[in-house]
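Below is a brisk tour of one protein model. It moves from strand pairing to core packing and then to the aromatic rings.

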Amino acid sequence: MSKQTIVISGVNMKDGGIFTIMDNCLQKISQYIENKDIKVIALVHDKSKFDYPNIEYLEFPDAKKSWFKRLYYEYFYFKKLSKKINPDIWFSLHDVSPNVIAKKRFVYCHHPTVFYKASFSDWKFDYKVGVFSILYKYLFQINIKKNQAVFVQQHWIKNEFEKLYNINNVMVCQPEFVSISNPKKIILDASKIHFFYPLIARSFKNVECIAEALILLPDSIKSAIQVHLTFDKGDSNYANYIIDQFSLAQFNFIGKLSRDEVFGYYEAMDCLLFPSKLETWGLPLSEAKAFNKPILAANLPYAKETVGDYEKVSFFDVNNPKELAQLITNFVNKTILFQGNKYTFDTKNQLNDWNAIFDFIFKK
């Protein structure tokens, strides 16, 4: 059998959860192709962020400069590049199905706003959330039927895609937790109970629910806790609003963290807070679960599917800070009775890790 070439495209997957997806994929395929006759070419924003062997990296540092650049690459330049590379497989990791020439094509869709009705605050703090909630519905459908398979992260999204785009080749591919060997040691104040919420500061992340819950807490609970948030002043309009509007002693704005620092916080924290109104997965839920840490999460379908079978979790209404305040109080007082969660979906057509995805791609 002749050598197969796969192009993995993620030129705008620069930070946050989308970078984690790209990083995990490249880490796993680097291991997967050992002793296999497969060539991997990765299209990335910044190749200095990756050092996995067995991969050829092509860098596109200006891909995030504008949407014009993004669309130019996806629908014009990549066609020329695909003619030059002549790949067997083109795997687009970030939502859109580009104009390319390849024997087999796959797309991984994980942008959640296609299912989101933007609120006034979304338009106010980050108009792109509103634009994306309209635009992505149409971007997803361009070339989508040219793919051998469309990968999504959850079953409810699979059902929506099949109805929205009239396709029957959608596969559920749950993000795999990929650990790192040396998390950074994080030392936290031992006299406090520490809550952690890793996020990029966008309006749908719903930090105000935490803030309003904190305001409702009795003083004895307020003085006992600290909430660590991974953004700082200047990160976004929404970040500035939260910091200016809620000058709470319990908030610790720690800024963007490296992956080893995030994992260090998972080890050191007492509980994950996750009030986000919109996710197609919610990686921190998987990561906190892997560290066997308690979770207080949004009472939404994405969170319940992500958490899966787990005892140390309770859910709250994302529009009801009073519910969250009560859960925080019970947690601090050690009187909390976790709801727990059970996985209730048919796993027959589900791929559960990156190796299963690669097996599917190369054998399809």
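## Pairing in the open sheet

S92 has V107 in β5 as its bridge partner. Four bridges join strand β4 (residues 89-92) to strand β5 (residues 104-108), and the two run parallel. Strands count as paired if DSSP finds at least two bridges between them. Strands here are DSSP runs (E, at least two residues), and helices are runs of H or I with at least four residues; both are numbered from the N terminus.

β4 and β5 belong to an open sheet of eight strands, in the order β3-β2-β1-β4-β5-β6-β7-β14, with parallel pairing. Its edge strands are β3 (55-59) and β14 (350-351), each of which pairs on one side only.

## Basis of the model

This is a predicted model: local features need pLDDT of at least 70, side-chain atom pairs count only at pLDDT 80 or more, and totals for chains, interfaces and linings use all residues. Residues are numbered from 1 along each chain as its sequence is written, and side-chain values use heavy atoms, with hydrogens and water left out.

Strand β11 (residues 271-274) is covered on both faces. C271 and L273 are buried on one side, L272 and F274 on the other. Buried means under 20% relative accessible area, exposed means over 50%, and partly exposed lies in between (1.4 Å probe, protein chains only).

β11 runs parallel to strand β8 (residues 193-197), joined by two bridges. Here F195 has C271 as its bridge partner. β11 also pairs in the parallel sense with strand β12 (residues 295-298), over three bridges.

## Nonpolar cores

Nonpolar side chains tend to be buried together in soluble globular proteins. A nonpolar core is a set of buried Ala, Val, Leu, Ile, Met, Phe, Trp, Tyr and Cys residues joined through side-chain atoms within 4.5 Å. The largest one in this model has 57 residues, and F195 and L296 touch the most other members.

Beyond its neighbours within four places in sequence, L296 contacts residues including F195, C271, L273, F316, L324 and F338. Contact means heavy atoms within 4.5 Å. A second, separate core has 35 residues, among them L26, F358, F360 and I361.

## Aromatic rings

The structure holds 33 aromatic pairs. Rings of Phe, Tyr and Trp (its six-membered ring) pair if their centres lie within 6.5 Å; planes under 30 degrees apart count as stacked, over 60 as edge-to-face and the rest as tilted. Y73 and Y77 pair edge-to-face, at 5.8 Å centre to centre and 80° between the planes. Both lie in helix α2 (residues 67-85), four residues apart, about one turn of the helix. Y73 is buried at 8% relative accessible area, and Y77 is partly exposed at 26%. Ring pairs link both into a cluster with F60, Y72, F78 and W90.

Two lysines also meet rings. The charged end of K36 sits over the ring of Y32, 4.3 Å from its centre. The charged end of K49 sits over the ring of F19, 5.3 Å from its centre. Such a charge (NZ of Lys or CZ of Arg) must be within 6 Å of the ring centre and within 35 degrees of the ring normal.
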